[in-house]
Amino acid sequence: MKKRIIAFCFALLACSTVFTAGISTVSAMPNALYYSGAADLSEITECRGEGKVIAVIDTELNTEHEMFSAIDDKKVRYTKDDISKIISSPDFNGSSDVDSVYVNSKIPYAFCYTYDDPNIGGQEFLYHGTHVSGIAAGNRTEYEGIGISGAAPDAQIIFMSVGTRGTGE
């Protein structure tokens, strides 16, 4: 499975290098904004990720979360038509049904590589992939009266789900 995901990164994202982490750590949710600095980064730097794509490989993604609502189609790197062309390639490993993998302009591709399934949602207690994606590229929203966003709120997210549903493994 790892080889399929790395091949996908090279094919779709035009990566020159892919690194895999040797360890994983789960941070405490209430401290995430403070430690990451993501809430203010795009405002301070004026770099919002427009036209960029961030790939997230994790357990699940809640695509219904307000941080992942559609963004301006004119400012994206990949449209639904682009994804359709890419996934119809004979070299592509994953679903070739664009309607099942294209969520919206914010998440142009989402697929579960563990189960060969476009269902990337997890159970309510599994939030790690949603958390990571929100820090990386979540749209601007409010949390307990504080304006927050990901580091690159105008970037798109390519989400590849791995792990076992229901356990977070």
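This is a predicted model: local features need pLDDT of at least 70, side-chain atom pairs count only at pLDDT 80 or more; totals for chains, interfaces and linings use all residues.
Let me begin with a term: a residue is called buried when its relative accessible area is under 20%.

Seven of the 10 residues of H6 are buried, so the helix is largely enclosed by the rest of the structure. The buried positions are Gly129, Thr130, His131, Ser133, Gly134, Ala136 and Ala137.

I turn now to the sheet. Three strands form an open sheet in the order S1-S5-S2, and their pairing is parallel. S1 and S2 are the edge strands, each pairing on one side only. On average, neighbouring strands in this sheet are turned by 15 degrees against each other, direction ignored. H6 packs on this sheet and touches S1 and S5, with its direction at about 160 degrees to that of S1.

The pairing can be followed residue by residue. S1, residues 53–58, is joined to S5 by six bridges, and Ile54 stands opposite Ile157 of S5. S2 is joined to S5 by four bridges. Here Tyr109 stands opposite Ile158, and Ala110 stands opposite Phe159.

How many residues of S5 are buried? Six of its six residues are, and the strand is mostly covered. In a regular strand, side chains alternate between the two faces of the sheet. In S5 both faces are covered: Gln156, Ile158 and Met160 are buried on one side, and Ile157, Phe159 and Ser161 on the other.

As a general point, nonpolar side chains tend to be buried together in soluble globular proteins.

Leaving out residues up to four places away in sequence, Phe159 touches, among others, Val56, Leu61, Tyr109, Phe111, Ile120, Gly129 and Ser133.

Next, the aromatic residues. The structure holds three aromatic pairs. One of them joins Phe92 and Tyr109 edge-to-face, at 5.8 Å centre to centre and with 90 degrees between the planes. This pair links distant parts of the chain, since Phe92 lies in the loop between helix H4 and H5 while Tyr109 is in strand S2, 17 residues apart. Another pair, Tyr109 with Phe111, is tilted, with 6.4 Å between centres and 35 degrees between planes. Tyr109 counts as buried because its relative accessibility is 0%, and Phe111 counts as buried at 3%. Phe92 is buried as well. Together with Tyr113, these residues form one aromatic cluster.

Finally, Tyr102, which sits in the loop between helix H5 and S2. Why does Tyr102 count as buried? Its relative accessible area is 18%, and the cut-off is under 20%. Beyond its neighbours within four places in sequence, Tyr102 is in contact with Thr79, Lys80, Ile83, Ile107 and Pro108. Tyr102 and Asp81 are 21 residues apart in sequence, with their C-alpha atoms 9.8 Å apart in space. A polar atom of the Tyr102 side chain also lies 3.4 Å from the backbone nitrogen of Ser105.

Note on methods. Residues are numbered from 1 along each chain as its sequence is written. Side-chain values use heavy atoms; hydrogens and water are left out. Contact means heavy atoms within 4.5 Å. Buried means under 20% relative accessible area, exposed over 50%, partly exposed in between (1.4 Å probe, protein chains only). Helices (H or I, at least four residues) and strands (E, at least two) are DSSP runs, numbered from the N terminus. Two strands pair if DSSP finds at least two bridges between them. A polar contact is a pair of N or O atoms within 3.5 Å; within protein, one must be able to donate a hydrogen and the other to accept it, and residues adjacent in sequence count only if both atoms are side-chain atoms. Axes are lines fitted to C-alpha atoms, for helices over the stretch in contact, and angles run from 0 to 180 degrees between N-to-C directions. Rings of Phe, Tyr and Trp (its six-membered ring) pair if their centres lie within 6.5 Å; planes under 30 degrees apart count as stacked, over 60 as edge-to-face and the rest as tilted.
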